[in-house]
Amino acid sequence: MEEEKKLSYTEQIKELRARRGEGSKEKQERSKEQIKAQKAILAVIDKEAKTVPEIAEATGMNTQEVFWWITAMRKYNKVSDETKKGDYIAYRKK
Amino acid sequence: MSAATIQKKADVLVVGAGIAGLQASLDLADQGKQILLVESQPSIGGRMINLSKVFPTLDCASCITTPRMASVAHHPSIDLLTYTEVNKIERVNGKFHARITKKPRYLDETACIGCKRCEEACTTYLPDEYDHSLGAKKAISIAFTNAIPQYPVLDMDECLLCGACAKACPTQCINFMQEPQEIEAEAGAVIMATGYNLTEISAKKQYGGDKYPNVISPLQMERLLAPHGPYGGVMRPSDGKIPDSIAFVQCAGSRDKSLGVPYCSRVCCMYAIKQAMLLSGSLPIADITIYYMDIRAFGKGYEQFYQNAKAMGIQFVKAKVGRISEDENHNPILRVERQEDCSQPEDVTHDLVMLSLGMVPAWIPDRDGIIPLEIGEDRFVRSVNEKVTPSLTSMEGVFAAGTMTGPKDIVDTIVEAGAAATEAANYLRRQEGR
Ligand SMILES: Cc1cc2nc3c(=O)[nH]c(=O)nc-3n(C[C@H](O)[C@H](O)[C@H](O)COP(=O)(O)OP(=O)(O)OC[C@H]3O[C@@H](n4cnc5c(N)ncnc54)[C@H](O)[C@@H]3O)c2cc1C
Ligand code: SF4
Ligand code: SF4
């Protein structure tokens, strides 16, 4: 334990990234995709609250994926429930 | 480099901190016994902390479980190890020797204050197993709001190694290089309380495997109904629609030899009725149908609970569901073969369907190792004296509590956990007298 603590965070990360090799790149690609999906959704609900099917239509993403991201961003305070529109909730960027 | 092996001693080693393990530990600790309680998940509480409300009283599950979890965590005679695996338990000269591994959370638990700043800073999103993948968590996250203990786990397999969490942490307690901690424990007796799993939703191919987003498991339905559920209400996973028509398919993983589950899982009828009643409360105009072979309302007050559900307008249809498909909008279509008249099978479309999956043991000795207890034909741990002392296993000094010996509800689980604690205390007394 003592020995582990001697490494700074930069050194720890450098060492682990080296051990991971190509795997690091894959994870960075996935992260970029995740950020892209969130940005696309937030852009659509920035000014006006929209339902999942409306967001899916505007972004070209499928409804299931949109809903999963809405759920994620609701949990982490980026999106709020606004109104009920028919059988759906309309969401808006916080 | 891994740290030196830690040595521990206890009167009783309890494996599994669901409601059975919690109850058995508290009963023994209150008698002055020293307990080592080992849980493989990041938090204690087992399945019960994951439920919405409980039949037949409709009390809030977390309101009942959380105080017990807190009592265990603060009890001076209970040494609690979470996110920890028991690898092997051996009986040597009348004592039990256990080899245990504490998995790395990648942080120093003695310094973490549970502030969640790491989780807020992390940008990697993952499906949240606590919400059965309906919701999301981060690569570093605390299991759920009232988790005990309130320490996060960093998922090293998914972590980007961006360092944002370490930067945000006010106590500098994150340690990306942390190794598993080996522990050796000695105990006078053992209580196994490893609980249950559900059969896979993909097991029944005629129900679409796991292809249809709006065909969900009973534990997913529990999360939809929970006050802090992933969607903030009952919606369906494919598009967030608030469902108008919901169906329950009973025996969708039990009483089926082809799945290796020929037995009745006992609690499915009751939890389906409970969920239907809760749905009817939150979606008063929705149509709710339970397709069943026969309703087994076995416990005290359970038949009345069933009759109340009928009176609330929940439809009970005695029918076999032959197969499930879906339309282009992901609406599940059920092929329904009614049992009470001679009508032809018909296709019925619903917005959301819950499959009452079967209960199977979470830990099976001949599959998972640890300790070679005998199992029954149903693969649950065999009680050697089921009628009189159900907590006795095939190994002297090892007792079983809760659903690890067979499907049962919370009341029976708690009663059995108390019995296992009494048997363990009696066994220790006999050993001391030798
Ligand atoms: C959908 C659903 C709804 C239900 N609703 C109700 C209800 O309303 N009322 C009611 O009375 N009953 C209900 N039940 C039944 C109830 O969930 C069980 O009776 C109860 O939770 C069983 O508790 P347990 O401690 O035996 O098992 P569990 O809750 O499964 O706990 C076992 C614990 O052991 C841990 N563990 C497993 N293996 C290991 C290992 N190798 N090492 C260390 N730890 C391990 C697990 O992580 C877990 O924490 C419901 C069941 C389902 C599926
Ligand atoms: S290092 Fe890993 S856990 Fe920490 S913030 Fe980055 S991705 Fe999340
Ligand atoms: S930021 Fe640090 S102290 Fe706060 S919960 Fe995360 S690891 Fe613990």
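Mentor: An oxygen atom of ligand 1 lies 2.8 Å from a backbone N or O atom of F55(B); this is a polar contact, a pair of N or O atoms within 3.5 Å, where within protein one atom must be able to donate a hydrogen and the other to accept it, and residues adjacent in sequence count only if both atoms are side-chain atoms. Polar backbone atoms of A193(B) and of D409(B) are each 3.4 Å from an oxygen atom of ligand 1. On its own, ligand 1 has 1,000 Å² of accessible area, and the protein covers 95% of that; such areas come from the Shrake-Rupley method with a 1.4 Å probe, and for residues only the protein chains shown count as cover.

The model is predicted: local features need pLDDT of at least 70 and side-chain atom pairs count only at pLDDT 80 or more, whereas totals for chains, interfaces and linings use all residues. Residues are numbered from 1 along each chain as its sequence is written, chains are lettered from A and ligands numbered from 1 in the order in which they are written, and side-chain values use heavy atoms, with hydrogens and water left out.

Turning to the shell as a whole, 34 residues are around ligand 1, a residue being near if one of its heavy atoms lies within 4 Å. Those that come nearest are E39(B), F55(B), Y196(B), T403(B) and K408(B). By class, the shell has 17 nonpolar, 10 polar and seven charged residues; Ala, Val, Leu, Ile, Met, Phe, Trp, Tyr, Cys and Pro count as nonpolar, Asp, Glu, Lys and Arg as charged, and the others, Gly among them, as polar.

Which element of chain B gives the largest share of this shell? The answer is α5(B), with three residues. The elements of chain B that give two or more residues include α1 (19–30), β3 (53–54), β13 (196–198) and α9 (410–433). Helices (H or I, at least four residues) and strands (E, at least two) are DSSP runs, numbered from the N terminus.

At the level of domains, whose bounds come from an automatic or database domain assignment, the shell around ligand 1 draws at least three residues from domain 1 (8–102 + 180–195 + 362–434) of chain B and at least three from domain 3 (200–358) of chain B.
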